[in-house]
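Open the model in your viewer and keep the selection panel at hand.

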Amino acid sequence: MKPGDLKYKDINGDGVVDSNDQINIGNGTPTYYYGMNLTLKWKNFTFFARGTGQAGGIGYKNSSYYWINGEKKYSEVVLGVWTPETASTATYPRLTTTGSDNNFRNSTYWQYSTNYFKLDKVQVTYDMPSSWFENKIVKGLSVYLSGSDLLTISKERKHMEMSLGSPQCRFYNLGATIKF
């Protein structure tokens, strides 16, 4: 171990920090899942919203975005790297061109809460007056505007919305429902 490396606790008290000191430090499966939906109607308008969430789980920032070694591409998290000059303010372990198994193993340093609440869907619908369709081929018409994946509330929102290799998108739809 060198200056700037993560330090681990001697859990079993044998004077040596090794694999015998590894313990379970959280549950990757959330304890609670929850959801809500709300429908409000006023005259010919309908407002619908659905949200979901989870609480009580943990995850690890252990992807190639966070765990860097050798001459691989570095992400912006590395800007807080430990150096002798930044020893008191560093937010990332020291860098090395050789392997760094000590710094890149699941630990409380890389751990984060997976708690979140997401606004999954919001839709506003307008139903055209039924009097417009009396004795017509078309019996009804509704138009709507909806959005999906609009909001995430979480301490770790930026990490949870980050997607390596495939984009995460918000969707907006404009549509109509025609009744015959």
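**Stop 1: aromatic rings**

The structure holds 10 aromatic pairs. Rings of Phe, Tyr and Trp (its six-membered ring) pair if their centres lie within 6.5 Å; planes under 30 degrees apart are stacked, over 60 edge-to-face, and the rest tilted.

Before going on: this is a predicted model, where local features need pLDDT of at least 70, side-chain atom pairs count only at pLDDT 80 or more, and totals for chains, interfaces and linings use all residues. Residues are numbered from 1 along each chain as its sequence is written, and side-chain values use heavy atoms, with hydrogens and water left out.

Select Trp67 and Phe104. They form a tilted aromatic pair, 6.0 Å centre to centre, with 35° between the planes. Both lie in the loop between β3 (58–60) and β4 (111–113), so the pair ties together parts that are 37 residues apart in sequence. Strands are DSSP runs (E, at least two residues), numbered from the N terminus.

Are these two residues buried or exposed? Buried means under 20% relative accessible area, exposed over 50%, partly exposed in between (1.4 Å probe, protein chains only). Trp67 counts as partly exposed because its relative accessibility is 21%. Phe104, at 12%, counts as buried.

Now select Tyr92 and Trp110. This aromatic pair is edge-to-face: 5.9 Å centre to centre, 75° between the planes. Both residues lie in the loop between β3 and β4, so the pair ties together parts 18 residues apart in sequence. Tyr92 and Trp110 are both buried.

Trp67, Tyr92, Phe104, Tyr109 and Trp110 form one aromatic cluster.

**Stop 2: the sheet**

Switch to cartoon view. Five strands make an open sheet in the order β1-β2-β5-β6-β7, with antiparallel pairing. Strands pair if DSSP finds at least two bridges between them. β1 and β7 (171–179) are the edge strands, each pairing on one side only.

Select 116–127 and 140–153. These are β5 and β6, paired in the antiparallel sense over 10 bridges. Val124 stands opposite Leu145 in β6.

**Stop 3: the nonpolar patch**

Show the surface. Select Met36, Leu38, Leu40, Trp42, Phe45, Phe47 and Val124: they make a nonpolar surface patch of about 630 Å². Patch residues have over 30% relative accessible area and no salt bridge; like charges are joined within 9 Å, nonpolar side chains (Val, Leu, Ile, Met, Phe, Trp, Tyr) within 5 Å. A salt bridge is a side-chain nitrogen of Lys or Arg within 4 Å of a carboxyl oxygen of Asp or Glu.

Which element gives the largest share? β1 does, with four residues. End on Trp42, in strand β1. Trp42 counts as exposed, at 56% relative accessibility.

Definitions and conventions. Accessible areas come from the Shrake-Rupley method with a 1.4 Å probe; for residues, only the protein chains shown count as cover.
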